[in-house]
Amino acid sequence: MTAYPHLLAPLDLGHVTLKNRVLMGSMHTGLEETKDWNRVAEFYATRARGGVSLMVTGGMAPNSEGGVFPDAAGLYSSQDIENHKVITERVHDAGGLIAMQILHAGRYAYGPECVGPSPIKSPISPFPPKELDEDGIEKQINDIVTAATRAREAGYDGVEIMGSEGYFLNQFLVRHTNKRTDRWGGSYENRMRLPVEVVTRVRQALGPDSIIIFRLSMIDLVPDGSTFDEVIQLAKAVEAAGASIINTGIGWHEARIPTIATSVPRAAFAWVTKKLMGHVGIPVITSNRINTPEVAEQVLSDGCADMVSMARPFLADPDFLHKAATSQAQTITPCIACNQACLDHTFSGKISTCLVNPRACFETELIIEPTVTPKSIAVVGTGPAGLSAALTASERGHKVALFDRETRIGGQLNMAREIPGKEEFHGLVDWFETMVKQSGIDLCLGVEVTADDLSDFDEVIIATGVKPRDPEIPGQEGPNVLNYIDVLRHKAPVGARVAVVGAGGIGFDVAEFLVQVGESPTLDAVEWRNEWGIADPAEMRGGLAPDGPQPEVPARQVTLLQRKAERPGKRLGKTTGWIHRIALRMKEVEMISGVNYEFINHKGLHVSFGERRENPRCIEVDTIVLCTGQISERRLADALEARGLNVSVIGGADVAAELDAKRAIDQGTRLAAAL
Ligand code: NAP
Ligand code: SF4
């Protein structure tokens with residue numbers, strides 16, 4: 001008897017039966033743009049082998065004006081069709097089905113040729129769209145239909161028509177972006193004409209044996225968005241037009257409410273999809289922040305949807321479904337919804353991968369094979385770098401001893417998990433614990449190893465991490481000064497008024513920790529919705545609460561400072577930095593840039609501004625918390641190197657600047673893959 005009867009139940013679509021209730025949702029990985037079709041095919045086939053029944057590709061542009069960025073991938077030529085056959089054949093051989101997403105970005109297309117219903121520029125793009133005339137609209141429909149027929153020629157089992165997240169079709173649906181007075185604007189019947197026409201014509205072109213998924217925005221989270229009556233009306237119309245499945249979209253890209261970040265509660269929007277259940281006869285998929293088989297099972301058994309869509313969890317672990325089906329769910333590498341290696345890469349023009357799985361999208365390059373020359377390997381440090389190196393080396397057949405002077409594994413991950421909104425780090429540390437237990441690694445905790453202890457190993461890997469940088473502020477030895485480790489790990493008492501010195505990732509984290517009263521809103525979906533101003537779309541257009549966000553009163557009065565004159569938080573994650581900045585603003589955290597730290601005394605932190613150290617000011621606080629970055633902890637590495645021993649130094653012990661778990665895990669895994 002499986003623990004996930006709903007998740008693993010088949011679903012009959014008429015002409016084809018899906019093995020389970022999971023859609024691997026569309027992700028733009030940047031792989032298609034590499035034109036290395038073997039690599040792209042291996043990415044998808046690996047996931048099909050892992051049990052994904054139906055998957056959707058990254059968005060393919062139907063034409064140049066609709067591409068998310070110039071030269072976005074699409075099926076434009078017979079050569080493109082041949083290239084995509086490599087993908088579809090490999091997925092079919094692996095037992096999976098694959099649909100191609102057709103993504104017309106409309107005014108989100110990052111280029112001067114972009115088009116839309118009305119010439120209204122989006123707040124996230126510098127390019128105002130050209131208003132389409134009747135012929136222009138007809139051209140867009142034709143191009144989308146052509147893309148669908150080419151997808152079928154390339155062997156795709158169907159298409160997903162992207163009608164949500166504020167893209168082209170969604171832009172026609174709402175008055176916010178559609179000011180037209182012709183038959184494509186005005187009444188809702190007119191505004192939904194384009195998406196319905198697209199589905200009708202794609203169905204006509206593909207015939208009955210192709211899957212057509214329509215991705216429908218259930219809650220726009222922008223002003224003047226759709227009502228839920230309109231959502232239902234559209235869902236019924238796309239069903240009648242020939243859609244096989246309705247998938248859920250949540251929030252436009254320009255919405256200022258987080259929808260997939262780690263601080264969003266798990267399955268936070270399943271209740272919205274549930275409102276559509278019973279209104280249409282075709283299967284409905286729910287989405288967003290579903291990252292474990294337990295959560296997926298719960299959502300399905302609660303009747304929120306017929307299927308769930310998960311995307312990033314399949315970057316983290318391509319064998320997610322196989323493991324769920326074979327009672328190995330505790331070994332599923334968890335997606336922590338950090339966006340650091342997937343979406344942040346996409347938006348920086350880099351190929352996506354995964355913080356917890358550096359093999360994602362690098363399946364053909366980063367190969368972990370059994371070793372032919374097993375060695376004895378010592379790994380010192382159980383942060384993400386050391387753990388990844390130890391697990392990979394052990395998986396390959398090396399004999400690994402793993403040491404840490406702490407009594408639990410995890411290193412800096414144990415501080416991250418204390419931050420409200422970063423609860424997913426608990427699951428990551430638990431996963432590392434499970435994997436270490438299951439491996440043959442000899443784990444030695446609470447042991448401070450010396451160079452003498454390590455002399456008999458064939459290889460020594462030093463992953464001793466970092467220690468806080470000393471900012472050398474006069475008076476910092478006073479009783480009112482702590483560092484972030486005192487606060488997060490040792491839970492030292494902190495006063496009611498606090499200055500956080502240093503506004504990097506940890507300064508922001510500490511500030512979020514200090515302003516939070518009681519339980520994290522990430523663990524309380526109702527409170528989280530209040531904090532961010534999310535309403536029921538059946539009551540409020542677009543699902544925006546009339547009174548806006550209602551954050552809890554902050555636990556403390558916090559001032560966050562940095563020396564750089566730039567906007568604090570500018571260097572945080574590309575797709576998540578804005579969330580941290582808004583979250584702190586909502587908690588009335590004062591952010592001050594461009595300071596010089598003069599001295600600390602019993603009154604507080606004394607600062608001045610500019611090169612001439614002008615405008616002296618005392619930030620009157622009870623506690624000052626130092627979050628001024630780190631330096632490498634290299635004492636052991638230096639001692640070993642002094643003896644001429646062969647050591648590899650990884651993670652923060654190697655380079656402390658811009659240390660993050662992504663680099664640590666990648667470096668540890670790659671090193672061990674090559675030993
Ligand atoms: P960081 O990002 O390098 O920030 C250090 C902060 O200390 C900066 O604000 C820096 O700004 C200040 N600083 C540096 N030297 C100083 C000195 N001598 N005196 C006074 N201030 C000084 O380091 P972190 O915050 O410790 O984070 C470490 C790494 O963890 C980051 O690189 C990040 O990748 C990762 N992390 C990320 C997140 C996230 O994205 N949410 C969260 C946690 C950790 P000024 O020089 O302008 O004062
Ligand atoms: Fe999930 Fe982070 Fe990996 Fe992206 S990088 S798939 S969000 S764990």
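Predicted model: local features only at pLDDT ≥ 70, side-chain atom pairs only at ≥ 80, totals over all residues.

Trainee: How do the axes of H2 and H3 cross?

Mentor: Helix H2, residues 37-49, and helix H3, residues 78-93, have axes that come within 8 Å and cross at roughly 25°. Angles under 35 degrees count as roughly parallel, so H2 and H3 are roughly parallel to each other.

Trainee: Is that crossing left-handed or right-handed?

Mentor: Right-handed, as H2 passes H3. Residues making the contact include Trp 37, Val 40 and Tyr 44 of H2, and Val 86, Ile 87 and Arg 90 of H3.

Trainee: And how do the residues of that contact divide?

Mentor: Nine are nonpolar, three polar and two charged.

Trainee: Next pair. At what angle do H4 and H7 pack?

Mentor: About 35°, with the axes of H4 (residues 134-153) and H7 (residues 193-206) 9 Å apart. The H4 and H7 crossing is right-handed. Among the contact residues are Ile 137, Ile 141 and Val 145 from H4, with Leu 194, Val 198 and Val 202 from H7. By class, the contact has ten nonpolar, two polar and four charged residues.

Trainee: Switching to the ligand: how many residues surround ligand 1?

Mentor: There are 23, and the closest are Ala 503, Ile 506, Arg 563, Lys 564 and Gln 630.

Trainee: Which backbone atoms lie by an oxygen atom of ligand 1?

Mentor: A backbone N or O atom of Lys 564 is 2.8 Å from a ligand oxygen atom, and one of Cys 627 is 3.4 Å from an oxygen atom of ligand 1.

Trainee: What lies 3.0 Å from a nitrogen atom of ligand 1?

Mentor: That's a polar side-chain atom of Arg 469.

Note on methods. Residues numbered from 1 in each chain as written. Chains lettered and ligands numbered in written order. Heavy atoms only, no water. Axes fitted to C-alpha atoms, helices over the stretch in contact; angles between N-to-C directions. Helix = DSSP H or I, 4+ residues; strand = E, 2+ residues; numbered from the N terminus. Parallel < 35°, antiparallel > 145°, perpendicular 65-115°, else oblique. Left-handed = near helix turned anticlockwise from the far one by under 90°. Contact = heavy atoms within 4.5 Å. Nonpolar A, V, L, I, M, F, W, Y, C, P; charged D, E, K, R; others polar. Near = heavy atom within 4 Å. Polar contact = N/O pair within 3.5 Å; in protein donor to acceptor, adjacent residues only side chain to side chain.
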